Every structure is written in C-alpha cells, then in structure tokens.
Amino acid sequence: MKKVFRIAVFFLLFSLLAIMAGGVGVYFWAGKDLPEIKTITDYNPSLTTTVYSGDEQVLGYLTRENRFLYPLKKMPDCVPAAFLAAEDDSFYEHPGIDLLGIVRAAVKNFMAGDIVQGGSTITQQVIKSLLLTPEKSYKRKLKEAILAYRLENNLDKDEILTIYLNQIYFGHSAYGIEAAARTYFAKHTSELTLAEAALLAALPKAPSAYDPYRNKRKAKIRQMGILRHMLELGWIDAEAYGEALNQPLKYESMPDPSWETGAAYLEEVRRWLIEHFGEQATYRGGLKVYTAVDLSHQKAAEDSVRRGLEASSKRRGWRGPIRRIPPERYAEFSKSDPNEAAVPEPGEWVQVLVRDVQEKGAGVLYQNQKGWIDVSSMSWCREPDPAKAPEEVQDIKDARKVLEAGDVVWASLSSEEGAEENGLRFDLEQKPEVEGALVSMNPDNGDVLAMVGGYSFKQSQYNRAAQARRQPGSAFKPIVYSTALDNGFTPASTLLDAPVIYTDKSTQTTWKPENYEKTSYGPTLLRTALVHSRNLVTIRVARQIGIDKVIDRARELGLKAEFPRNLSVSLGTASVSLLNFCQAYSVFPRGGSTVMPRLVLTVKDAWGETLYTAKKETSSAMSRQTAYIITYLMQEVVQHGTGWRVKALNRPVAGKTGTTDEQKDAWFMGFTPYLLTGVYVGFDEPKPMGKYETGSRAAAPIWLGYRQAVEQEYPVQDFKRPPGVAMARIDAENGFLAARGAKQSYILPFKAGTQPTRISPDSGAGADGRSGGKSREPTANSDEMLKENLVIPEGFCFARI
C-alpha cells in the first residue's frame, strides 16, 4: 500500500513539475522578443496639432491621425463607466488578465473551430493597440497576457484607462474619445451625456458595423445593451437609465475650420512649424499653436481681395464662357445637384446654362429652375484689349455680343427681384486670372493680423504674400527719399524733372527712363516728386546721393532682395515679397525702427508646456525725424497725389502706390499709427494688366475695402510729430518760404535747422525762384513774415538767421 502511495505521489509531483516546466517553457516561448513596456509607460500617441487665432478661436488642425489628448479627470464619470461596462466591467479588480473571460472565450473558440472571441481586458487591448500586431493566434494572445500583467505593474489603473480612451479608434478617422465626441456629437468630451457616452462606447468593438451615420438602429441596440449592463452593475439608477434610453441622439460633426478662412495664413504657419519643430512634431505632436491672426481682419481682407481681383478681371473684358454644351445635354445640366442649394444666397456664385439670348438679356437654367441675366450686368464684357482702358470703350448694350445658347457661365444671384416669368435674377460673373495678396500687421509689435495669398486657396496654394517676389515699383521711392533726407536734402529741395539718357559703356546700351505720364515738369520740389511719383526726379536724387547709400538703407530696413548697383533700383526694380516689404515699411509708423512680422506667438506641447514664445524683434534704421517727414509726405500722397482713393477712409493715412513697367505689378502700401497694410496685384506669369491698371486703380481699392471693414475697431489717431522737427510754409514753385499772397504753398516738415530761410519774391517768381524778380534774404523788417511762415516746434525759440 505504501508503495502504491509513493508511486502516486511521485507521479503527482512529476505531473506538477511537468506542468510547471511546460508553463515556463510556454512563457519563454511566448515571451521571446517581447517589446518594451516603456513604449506605453512613455505614452506619446499621434495627436492633432491645433492652430489658434489671436483670440483663441480655432484656425485649423494639422494631423495624420485625428486625435486630441484628453485627461481622465476632465471626463464626466459616465464616460469611463460606459466603456468599462462595454469592454471590461472588472477592470479595477483583475491584474490585467481576466481568467474567467479567457476561459469563456476559449470555450467559444473551441466550439467554433476558430478564434471568434478574444476575451481581452482593457489592459490587453492597450497592449494589442500599441505593442502587438492585430493577428489572431494563441501565441499572440499569450504575449498579450504577459505584457498586460507587466503593464499593470508599471502603471496604475487610471493611467491605463486614460491611454485606452485616448488610443482607440471610433471610425470616421476619429481616434480617442475627444475626436469621437467631436465627430459624432459636435461636442467636447466634458459635454457628453450618459446616452451619448454609451453610444460612443458601442463603437470600438466594430466601428463600421455600429456606425450611427449609416446604421442608427444597430448602434442604438448596442447602446441600449450597454446602458442595461450599467444598470445591472448598479453604476446608474433606474431614473438615469430611463432618461438615457429616451434621449434623442442628434448626430453631427463639429465644423472643421481648417483651410477655410485664413487658409494661406494656416499654410504659412504649417511651413513655419515644420521648419522649427520638424514634420513629426507638427503632424503628430498635438501642439497648441497660438498665432496673431485676427479672424475678423482675415475675413475682411479675403473679401476685399476677392472683390478687387474680380473687378480687375472685368476691367480687362470678357474672356468667354467656362464651356459650351450641345442642346441634347441641356437636360443633364439642369438636374438638381444635391450639393447645391435649391436657391443660392444673394451674391453667391453658381454655374448656369444659357438657354436663349436676346438683345436685353439671356434666359438661363440653374439646376431645374429658370433664370435671367440682364444685359445691364454685361456692360463690362468688351473684347479684351490691354491697350485700352474700360472708360475708353463703349459699354455692351446687346447681350447677343456676349453670350450664346449652350454657354455655361458663372453668375451670382442678384439682390434685385426679376420678372416672375424670367425666374431667378442673376448677374454675369467671371473668375479672375489675375492674382493678388494682402498683408496687414500691427506696426507696434509685428503681429500679422491678416494675410491673403491669392484669390482662392483651393484654386492655388501658392502664397503670393510670403513666397512671391515682385518689383514694388514706385512704392520703393519713400526708401530713396528717406536716404536723401539723411544726405542733405529737404522736402523743399528743388530738382530738375527733365529727360535723361544713361549709357552703359561696358554693354553699349542706353537707358532712357520716363515718368508715368510720358512727360516732364521742369524744376520740382522733392515733396512734389514723391507725391506725384516722378521717376526722373527720383533717379536724379539717387544719382546725387549715390545708389550704394540707397541700397544700404534698403538692407538696413531688412529687405531681402538682389540689389544691382544701378540707378533703376531707385524705381523699385529689385524684387521683394509683400511680407518683407511690410517689414521695411514698418519703419515709418514706428518712428525709425523696423519690426519683424510674426505669425506664431506661442507654441505649447500636448501637456501644456511652453516650447516657444515669440519675441518682438526690432532694428533701428533711421532717425525719428526722418521717419516722420517721410510719413508726412506720404500723407500728402494720399491727400493730393496717387493715393487719393484711400482718402475715403476719412482718417489720417499715409501711403504710396507702386506700378511697374507696362502695369505688370500694382502695389499700395498704406498705414495709420496702429495698422500697416500692403496690397499687391499682378499675374503669376508677369504680363500687362491693362491701361491704367496702376497701384492707384488696381491695389488701393482693395486696401480701402479691407480697412473700411476693420477701422471701427480703432480710435482715430494722427501721427505724432517728434521733437526736432520744424514746420514751414513753402512756396510750391521754388521751395522758398512762401510770401503773402503766394499762388500755391505747402506746409512742410523739416529737421530743425534745415528749413529754408529765403523768402520767395512777392510776385512773378519762376520755378527756380529767380526769374521775374530778385529773391529776398530775411532782414530785420522781414522777421514778422518769417514768423508767419514758420510753425515753431516745442522746445525751440525763434531767431533771425
């Protein structure tokens, strides 16, 4: 008997040892080449980067996976509870492996003859998602169990649950609970109700099968099962259960503002982030990027650029229809498009089909509705001819000269009511080929409040504000004249406006510059040369002071351009970007120093740690007195010169137009003490825009349209005159102090001590102040006249010189 007992004990011990050895063998077999748990403990998922406006509205998202990190402590209790009820109700009790669940799954798999149920805990699902492949095998399940046990010994339960809720996939490109809340309920996680949380908890098991957008009934049934299980577990009471069951679920996605308003701005921020932080951090780092953009400014800027380019396109005439279709395809065109409204909003552009044309207008079809385009909206539809301005051509008064039956054209719904028999009233439109850009910045700190890179970002992602380099033309002249003021010139300096020819001996070529008007005006004040943008005077100024000094000044202002050492540089022939040119122009409203434009103000990581803070970068470039005098003269440009159109702003404004040869580029740079705005218009492939398409006509109206929309945000401010500037009334004809009864005079600023001391002859003075009488030097008897002509600055006293 003892022998039998000993044999039984031996076999029992042997079996236990064999089982243990087998278990150890299986452990080492399954545990071979296991990945490091550190990958999870240092959880760093792919997160969506969010770009914010200046007032923390969302400008857009940058992402590879649509995921937003959301901490467990900020979630309503119903959210984790719903997921635990759906996936792992004993999560807080097991060590990462639910043995009963595994046995239950094993039985079902054995009965099915295949792996049909996993029995995975939430911890195992985290392991599967982050460390293992999705293959279905017993070896992978063993690895999953081993790693789950290890993970539970490295992280607490709340940390594991947080990872799970932020990692899982919900369908429709939504990863994690926050993206899911936005995708299915247009809410943030903190706003979810019990019913909504239970519905979201239904999705991870099979996102496509339970997709509520496609299968509401199936999703609802699974949601009800989760709610019932929560009731059985005692996690909710009967009242909460009933309310959740009866709550109507409204499925909608949170609007994504990306690449809508401010698309070019967002793209420039994206490029900046990649340059400074790399592509991985930009698209997967969950950065929070705070920018300077003001969305009200941005929208106003985009609207004004769009209107201005459309108007520019119409001034060149009608290019023809989008396409033409035969009569047998009319019915196909008139079918309703589910993506378009039955009746567009007033001003909204749609494509319409011309069905018949009469002298007074054209009958059109929009979807299956009749419409009418009156000939009055076709007045601009002349034959394109760059050599003729629109005012030199008669308006179109016969629609048959413009349209034919079968034409498909752009049209906007008119705000005017059409005749009932004609249906909807439309205006004929034309998408522009010409492009443009706008930059608006706060000159105090460099914050770029608006940036428009072209007519349509969807049509072209090329940013003409930051990437394009074009010749600024006469908009460069304030830089030339500021250099002149620091080299012995004053606003009253008189220069000869007369033809000149320059010969390049090395190439045996000649250059004969001209004024825009193709004429010359004789002796001209420096003030008048800038106000009326006289090329010939500007060239003479540059020649006298030396082109190297002009180039040095341009570089001191931060301009990044290739400056050839020739006089044409003074007329703005060196190509610059609009953004860079705004930096240079900031020297004037800032009183002598430039400021670097900045789009990105702050960057934080997904955990809220600050990675970058923008600093205000300034650089001194000229004296306060020089900056003020040029600003004053640019106010004269607006009041009396080429910038006259922006007088309509009815505020103190300084500005300068710019137009290149053959009207290939048009600029307007304008500013107030609180806001600097630059506008550029031109074709991407440079070509003439047409007669009179100057900075004044093509660019200034865009500037004005934008500024009129935002100006009410600012109190009226004038430019402050700094100490060291004296004012004097100057005779317009000769630059001397104006005598009583002078035909025309200007009050001009001077650096104290540089103002004229000679008084103009009483009458008959020629342009040089000598013909028709002698110029008078001040005497004791003319002191009163001198006082009358000088406005004495604060801190200065009057003295006869």
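Me: Contact means heavy atoms within 4.5 Å. On that basis, which residues does arginine 270 touch, not counting residues up to four places away in sequence?

Reply: This is a predicted model, so every contact here is one of the prediction. With residues up to four places away in sequence not counted, arginine 270 touches Leu62, Trp259 and Tyr283. The arginine belongs to helix α12, which spans residues 263–284.

Me: Is arginine 270 buried or exposed?

Reply: Buried means under 20% relative accessible area. Arginine 270 has 18% relative accessibility and therefore counts as buried.

Me: How much of the protein chain counts as buried, and how many helices and strands are there?

Reply: The chain has 801 residues, and 52% of them count as buried. Its secondary structure comprises 22 helices and 28 strands. For the sequence range of the contacts, take those with a separation of 6 or more: 68% of them join residues 24 or more positions apart.

Me: Where does serine 533 lie, and what does it touch?

Reply: Serine 533 sits in the loop between α16 (526–531) and α17 (535–545). Apart from residues up to four places away in sequence, serine 533 touches Ser474, Lys477, Thr528, Thr642 and Lys656.

Me: How should I read the packing of α15 against α17?

Reply: Read the angle and the axis distance together, then the residues. Helix α15 (residues 477–485) packs on α17 at an angle of about 45°, and the axes are 10 Å apart. Because of that angle, α15 is oblique to α17. The crossing of α15 past α17 is left-handed. On the α15 side the contact is made by Lys477, Val480, Tyr481, Thr483 and Ala484, and on the α17 side by Asn535, Val537, Thr538, Val541, Ala542 and Ile545. By class, the residues of this contact are seven nonpolar, three polar and one charged. Lys477 of α15 is also one of the residues touched by serine 533.

Me: What is the arrangement of α3 and α9?

Reply: Helix α3 (residues 78–87) and helix α9 (residues 194–201) have their axes 8 Å apart and pack at an angle of about 40°. That angle is why α3 is oblique to α9. Their crossing is right-handed. From α3 the contact takes Cys78, Val79, Ala82, Phe83, Ala86 and Glu87; from α9 it takes Leu194, Ala197, Ala198, Leu200 and Ala201. The residues of this contact comprise 10 nonpolar, no polar and one charged.

Me: How many residues of α3 are buried, and what covers them?

Reply: Nine of the 10 residues of α3 are buried, leaving the helix mostly covered. The buried ones are Cys78, Val79, Pro80, Ala81, Ala82, Phe83, Leu84, Ala85 and Glu87. Their cover includes α5 (122–130), α7 (157–167), β4 (169–171), α8 (176–185), α9 and α10.

Me: At what angle do α9 and α10 cross?

Reply: The axes of α9 and helix α10 (residues 216–232) cross at roughly 115° and come within 8 Å. The roughly perpendicular class covers 65 to 115 degrees. The two helices are therefore roughly perpendicular to each other. The crossing of α9 and α10 is right-handed. In α9, the residues Leu194, Ala195, Ala198, Leu199 and Ala201 meet Ala219, Arg222, Gln223, Ile226, Leu227 and Met230 in α10. This contact has nine nonpolar residues, one polar and one charged.

Me: Which residues have the most contacts inside the largest nonpolar core?

Reply: They are Tyr265, Phe476, Leu559, Phe563, Phe581, Tyr585 and Met669, in a core of 96 residues. Helix α20 (residues 624–640) gives the most to this core, contributing eight residues. For one of its members, take tyrosine 585: leaving aside neighbours within four places in sequence, it is in contact with Ala475, Pro478, Met634, Lys656, Met669, Phe671 and Leu676. Another core, of 54 residues, lies apart from the largest one, and among its residues are Tyr43, Leu84, Ile160 and Leu227. Of these, Leu84 is a buried residue of α3, and Leu227 is one of the α10 residues that meet α9.

Methods:
Residues numbered from 1 in each chain as written. Predicted model: local features only at pLDDT ≥ 70, side-chain atom pairs only at ≥ 80, totals over all residues. Heavy atoms only, no water. Axes fitted to C-alpha atoms, helices over the stretch in contact; angles between N-to-C directions. Helix = DSSP H or I, 4+ residues; strand = E, 2+ residues; numbered from the N terminus. Parallel < 35°, antiparallel > 145°, perpendicular 65-115°, else oblique. Left-handed = near helix turned anticlockwise from the far one by under 90°. Nonpolar A, V, L, I, M, F, W, Y, C, P; charged D, E, K, R; others polar. Core = buried A, V, L, I, M, F, W, Y, C linked by side-chain atoms within 4.5 Å. Buried < 20%, exposed > 50% of the residue type's maximum accessible area, 1.4 Å probe, protein only.
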